[in-house]
Every structure is written in C-alpha cells, then in structure tokens.
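Subject: Structure handover

Hello,

Below is the structure to look over.

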Amino acid sequence: MNVTQKILSAHLVSGELIPGSEIAIHIDQTLTQDSTGTMAYLQFEAMGIPRVKTEKSIAYIDHNTLQTGFENADDHKYIATVTRKHGVYLSKPGNGICHQVQLERIGKPGKTLLGSDSHTPTGGALGMIAIGAGGLDVAVAMGGGAYYLSCPSVVNVRLTGRLQRGVAAKDVILELLRRLSVKGGVGKVMEYTGPGVKTLSIPERATIANMGAELGATTSVFPSDEVTEAFLKAQGRAEDFAPLAADEDAAYEETVEIDLSALVPMVALPHMPDNVKTVEEAGPIRVDQVCIGSCTNSSYLDMMRVAAILRGKTVHPDVSLVIAPGSRQVLSMLSANGALHDMIEAGARICETACGFCIGMGQSPCTNAVSVRTNNRNFFGRSGTKSAGIYLVSCETAAATALAGVLTDPRGVDADLSVDMPATFLYNDNLIIPPATEEEAPQVEVVRGPNIKPFPQADALEQSLHGKLLLKMEDNITTDHIMPSDSSLLPFRSNIPKLSEHCLAPVDPTFPARAKEAGGGFLLAGANYGQGSSREHAALVPLYLKIRGVLAKSFARIHRANLINNGILPLEFVNESDYDRFDPSDEIALENIRQLIAGGAETIPVTNVTKAFTIPMTLALTPRQRRMILAGGLINMTRQG
C-alpha cells in the first residue's frame, strides 16, 4: 500500500478503499480557528454531547485578532469558555497560526486530523492524513462521529534532484498548480515520493502540503522518515515519531514527475493561484507592497532566509514591507538570535503572529497596487482592495523584491541562504490552555456575547421545489465571492443575519436584497463552484436566504459537502451546454424531488418553467447523504438518530 492507503485503512470505519466510493474514517485530532470555530462549537453544543471524544482537539485564535470592536473579543470569550467546558484545548491569541502551531506542537505521523480550515492539509508534512472540512463535520468528529468522504484516488508526485539556491518549496507547489490547475487535485490525494523528498525539511514539506488545497486536493501527504524524526526530536516530541512509508510495490492512479533541480522561482499572477509564470517571464513588475508570512510561508527556516537577504540592507523607498512570523516559537527564536533586529533595521514592519493580511485582516494595499505576498490565495478582492493585484511568491523572492522595488529573481541576491534546522527549538506551551476536567466542567459558564446569533437550519425537504433563478455565475466562483471575508465582515462570523446582507455581493451587489424579496430560490454556476476556504458560512448564509439548490457544472469538494450538510441540493449538469439555456429570473421547478431522492434517483429532471423545457441534472448522493437531504441537513438527521 501507499502511505495514504495505510493511514486510511487503519482508520476505516466503513466502506472500501475504492476511489469514488464513500468511506468513513475515525478522526484522531481536530482543529478549529476563531473565524469558523464559533459556529462549529455552537453546532457541537446543539448535539448535546458533554465532552469531545477525540485524542486531542484544539481551538486556535489566529484569524480575527485585529479586534476593532467588541465582536471578535466576544467570539474569543465564547470559544475560550465553551472549549474549557467540553474538553478542547485552547491556543490563545499570540501563540500563532493554527497550522504552524499544529505542525510544531500537536501533529503526529500516522494520525488523522480534521480541521475547520481548508489549509489543514499542512499536517501532511508530518505523515498525517489531514483534511479541511466544514465546521459541522468537525463538530461531529469531536463528538466521536466518523468523517465521511469520497475515497480519493492517490497521485504519486515523484520528486528527484535538489532545489537550487534561491529556489524554494513554494516554487514546487506553484509548478504543480501551473501544470494541473486549481481543479487538478479534485478527488485526489497528492502523495510525495522519490529521492527528492529527503532533501526537503518539514517546513518545506509543509509549504507544499499547505498549498495542495489550491489544487482542490482532498489532502497531501509525505512519508514520515528520518527528517520527520529529527524535527519532532528538536521540538521535544521524539516520542510522537512513527516511521511511515509507501511499500516498494505501492500502486498509484497517476504519477507526476518533478525534478527539483530544474525548477526556477515562480509567481502566481492575479487573480488565481494557478495563473503561474516564472519570475523571469513575469518581468520586473513595479511593486508597492510586500507581505511575508501566513500559514504557507512563516516557519523559522523561511524567516531566517528572509532575515539573511535583508541583513545590512534597506527596503526600497517605494515599498511597504510587512512580516508576520507564523508562531510565537518562530518570533521568539528570531528575537533571541538577532534575526528580528535585522528585519526591523532593514525597514520591515513586524505584525502579530496571526493570519492577518492573508485573509484581508489588515494591510490592505493602496488603490491599483501591486502586492507581492507569500500566502496561498490571490482571489479577487481578498486583500481588501478590489483594484489591487496580488502576486504569490516564495519568501526568498518576496524579500529580494522588497529590496529592489520590482519583482526579482532571488537567485542573484548577496546573502547566505543556507539555514540549518535547529537541534532544539525554543518551545513553550504555556499559551495552550488545557480544558477543565470532567469533574470541573459542569461549573464552567459558557459566555455568549450579543453578536453571537443562532445558526440557521433547514426544514425537511418538501415534496417539490419551485423558485426563481436568482443569479448566474461563471467558473471558479470562490467562497470569497459567496461569503466575503475581509476585515469589515470577519467580526460577524457568528452573526449569520448580518452576513446575509453581503452574500454574493462581489458578483452582484443587488443579490442579498433580491434573494430576501423573492423568499429564496436557486443559483446557477459554472465549474468548480465554491473553491477556496472551508468556511461553511458560504452554505449557511445561502441557507438563511432560503436558497434551495445550486445548479452548477461542478463543485469544489468542501463546499459541496457543506451544501449537503445544510440541506441545499448540489445539482450538476449532465450536458454542460445546458448552462447557456438558463437566464436570471427564470422560474425553476423540481417536481416530486423528495420522492425521487428517497427512491435513489441520481438523475433529476429540472424544469425551466419560464422557457418551457426540462433537462436532466445529476444529483450524486450516497445513501447517507440522501437521508441528510431528506431530513434537512446533518444536524436534523443526527437528532432523528
């Protein structure tokens, strides 16, 4: 077996490891963050389970840390108290970004991790099956329930050679995105093999695994080898190591070959992570802002290379450089060894160890700016400035660019880029707060601020559905389009009624008002609808607006699951050309839909009443998902037993 099959088979609750079939796996660890966590814990409370049943669950506060009003602080107070009551550890603000801290202090080879954040696959760097999901799926896993998914096919990404000086792990994943696109990993696990793997450190593997999410992959995974063992030993966690490798005769559905020594610095141009060129091809584009950090590129090794490039130099006068180390551990070590001094002296602004600029929480660039960043997504408007262009690069390219003022190939920098992995990291877990004991838990009061509103729940599916087609959208509509996520809206992640005023506004500002006036209806979308974040708000807010179904060419994995979890029908065109036959305001009818779904129908007749035609659409649901849709979502089904 390959590594993916070994971990999945060891955690298999039901089903068979046949690609495309439904399987259920046991989850060892879960993580949440504060942007999605409030809703996840509200859902966990709704299940009535007194204490989590995982090996370890941890709540991170790393997203909404700007706190311009009371709303974020209230969410944090709720998370701190609800986790203490129900057996979940808490990583306090300032301890770091969830995926970086999870890698350093929590993750274990061979384990499964489910997180309410799409970049949870970062844990694959340690040899875990780490999967991003909606908060409701995570809540179920915390309660001891299995996680259901379509069994992925496994792609062998075979690495040979060694990265050149100035070429980084970020360039590996950008090359994969260039080849495969943001849809290239859908339904797949990217498993890394070959002699090149041993040349990559755990932080470098983490960068690659992290941005596998941009491929649409279920997850990415590396073997657990002597590099893994050395990293865990340096973190004081030698006992957590377990060797794990693919068998010599392991089979894969596909193979992709990458010669690391042949790679050059790459850049993803606006507004999609797969719009990739070499830095040389892109040319010396004038730059206004450089942002270094995020869960993709904020490790100690990343930051030390940045410090080496900046040491003794000054940031270009036209460039604003901000740096956000990924964890308190990283920041502490930079402070202790003088690297932080080098960054500050060069003119960098040091930001909090949090998600920050990556999610649009601060550091929005100026009008029409070119912003070069080391994070994972450059979706339109995500930075908080709609007219800005976001370019994704490695830390080395970003630092060289900050000095030159134009997009710059870092291979020519005058700096020593060789950074050794520390024999011992400066680890301190005093900001990871343990939960109350089972005896103490009943006395813990859960504090809910006025911004925390009940989450919407669907009713049982009606016999037939009718409504207007409220919006027609193109390919690659992201969760940022569906439910915008910038500094003005992040404080309202626990207030669905407030968020509903902005649903799909980047596509059509009139949509929220029209949806409310119509009393709900249907959405029409192109391919890969719902790509991007795991945020289930992109399903909860349409549910609140009474969206009954989405007609699309195809769906992104997590968003499709979130729609089903909340009782919204994900319908796919049998003939994609039928997409062109629909227009906004067309009346749609799904007659006898309840009977069809209950009877196991996979082809659903969808009638355009306005234009008097009927087309077949696919509704591929497992038996469990059929029960969920009929009940009106996962919570309703769980309550019914």
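Helix 18 supplies the largest share of the lining of the largest pocket, five residues. Helices (H or I, at least four residues) and strands (E, at least two) are DSSP runs numbered from the N terminus. This is a predicted model, in which local features need pLDDT of at least 70 and side-chain atom pairs count only at pLDDT 80 or more, while totals for chains, interfaces and linings use all residues. Residues are numbered from 1 along each chain as its sequence is written, and side-chain values use heavy atoms, with hydrogens and water left out.

Pockets

The largest pocket has a volume of about 660 Å³. A pocket here is an open set of points on a 1 Å grid over the protein atoms alone, where a 1.4 Å probe fits, with protein on both sides within 12 Å along at least five of seven lines; lining residues have an atom within 4 Å of a point. Grid points are joined across faces, edges and corners, and the volume is the space filled by probe spheres set on the points.

The largest pocket is lined by 32 residues, and the closest to its centre are Leu149, Ser150, Arg557, Arg560 and Gln625. Two or more lining residues come from each of strand 8 (147-150), helix 18 (557-565), strand 24 (569-573) and helix 20 (623-631). By class, the lining has 15 nonpolar, eleven polar and six charged residues. Ala, Val, Leu, Ile, Met, Phe, Trp, Tyr, Cys and Pro count as nonpolar, Asp, Glu, Lys and Arg as charged, and the others, Gly among them, as polar.

The second largest pocket holds about 480 Å³ of space. Of its 26 lining residues, Leu163, Val167, Glu204, Arg305 and Leu417 are the closest to the centre. Helix 6 (169-180), helix 7 (202-210), helix 10 (300-310) and helix 13 (395-404) each give at least two residues to this lining, and helix 10 gives the most, with three. The lining of the second largest pocket divides into ten nonpolar, eight polar and eight charged residues.

Salt bridges

The count comes to 24 salt bridges, each being a side-chain nitrogen of Lys or Arg within 4 Å of a carboxyl oxygen of Asp or Glu. One of them joins Arg305 and Glu204 (4.0 Å, N to O). Arg305 is buried at 12% relative accessibility, and Glu204 is buried at 14%. Buried means under 20% relative accessible area, exposed over 50%, and partly exposed in between (1.4 Å probe, protein chains only).

Glu257 forms a salt bridge with Arg158, the closest N and O atoms being 3.7 Å apart. Glu257 is in strand 12 (residues 254-259) and Arg158 in strand 9 (residues 153-160), so the pair ties together parts 99 residues apart in sequence. Glu257 is partly exposed at 44%, as is Arg158 at 31%.

Glu214 and Arg377 also meet in a salt bridge (2.6 Å, N to O), and both are buried.

Helix 17

Seven of the eight residues of helix 17 (residues 537-544) are buried, so the helix is largely enclosed by the rest of the structure. The buried ones are His537, Ala538, Ala539, Leu540, Val541, Pro542 and Leu543. Helix 17 is followed by Lys546, whose phi is positive, near 65°.

Regards
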